[in-house]
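Dear colleague,

I am passing on the structure below, together with some notes on its aromatic rings. Please read the notes with the structure open beside them.

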Amino acid sequence: SHGNKEVFSCRGILLAVQWFWDRGHKDITVFVPSWRKEQPRPDVLITDQYILRDLEKKKILVFTPSRRIGGKRVVCYDDRFIVKLAHESDGIVVSNDTYRDLQNERPEWKKFIEERLLMYSFVNDKY
């Protein structure tokens, strides 16, 4: 949301990570689809991609799998990665997604999502 739905703002990810880091949370994992590493297209703008690589080197960011089949991009369902890791590590999910579909997939995820989902907003560069 940092990019106002116009661009994918890697700086927004860094601001969120820094917010939690500054408050003593060191076990942070960011999931981003691997196609975000590709050269941006005019219809899919992305800013400051170097931030993604920096966070990956620091073992904070994990790229979820994607591939091309017949010229079309096929991506995994990264929401499942997010909820599974947070549930297994007794963490929280920071997202504005409500994960309604996953609440019905596994009973233990329903309660977890209801209680451990932290929604957020940006005001300019303030997380």
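Is Tyr120 buried, partly exposed or exposed? Tyr120 is partly exposed, with a relative accessible area of 25%, where buried means under 20% relative accessible area, exposed over 50%, and partly exposed in between, for a 1.4 Å probe and protein chains only.

Before going further, please note that this is a predicted model, in which local features need pLDDT of at least 70 and side-chain atom pairs count only at pLDDT 80 or more, while totals for chains, interfaces and linings use all residues. Residues are numbered from 1 along each chain as its sequence is written, and side-chain values use heavy atoms, with hydrogens and water left out.

Rings of Phe, Tyr and Trp (its six-membered ring) are taken as a pair if their centres lie within 6.5 Å, and planes under 30 degrees apart count as stacked, over 60 as edge-to-face and the rest as tilted. By this rule there are seven aromatic pairs. One of them joins Trp19 and Phe20, which are edge-to-face at 4.9 Å centre to centre with 80° between the planes; Trp19 is partly exposed at 31% relative accessibility, whereas Phe20 is buried at 12%. Tyr120 and Phe122 have ring centres 5.9 Å apart and planes at 85°, so this pair is edge-to-face, and Phe122 is buried, with a relative accessible area of 17%. Ring pairs link Trp19, Phe20, Tyr120, Phe122 and Tyr127 into a cluster.

Charges also sit over rings, meaning that NZ of Lys or CZ of Arg is within 6 Å of the ring centre and within 35 degrees of the ring normal. Arg36 lies over the face of Phe8, at 3.9 Å from the ring centre, and Lys37 lies over the face of Phe63, at 4.6 Å from the ring centre.
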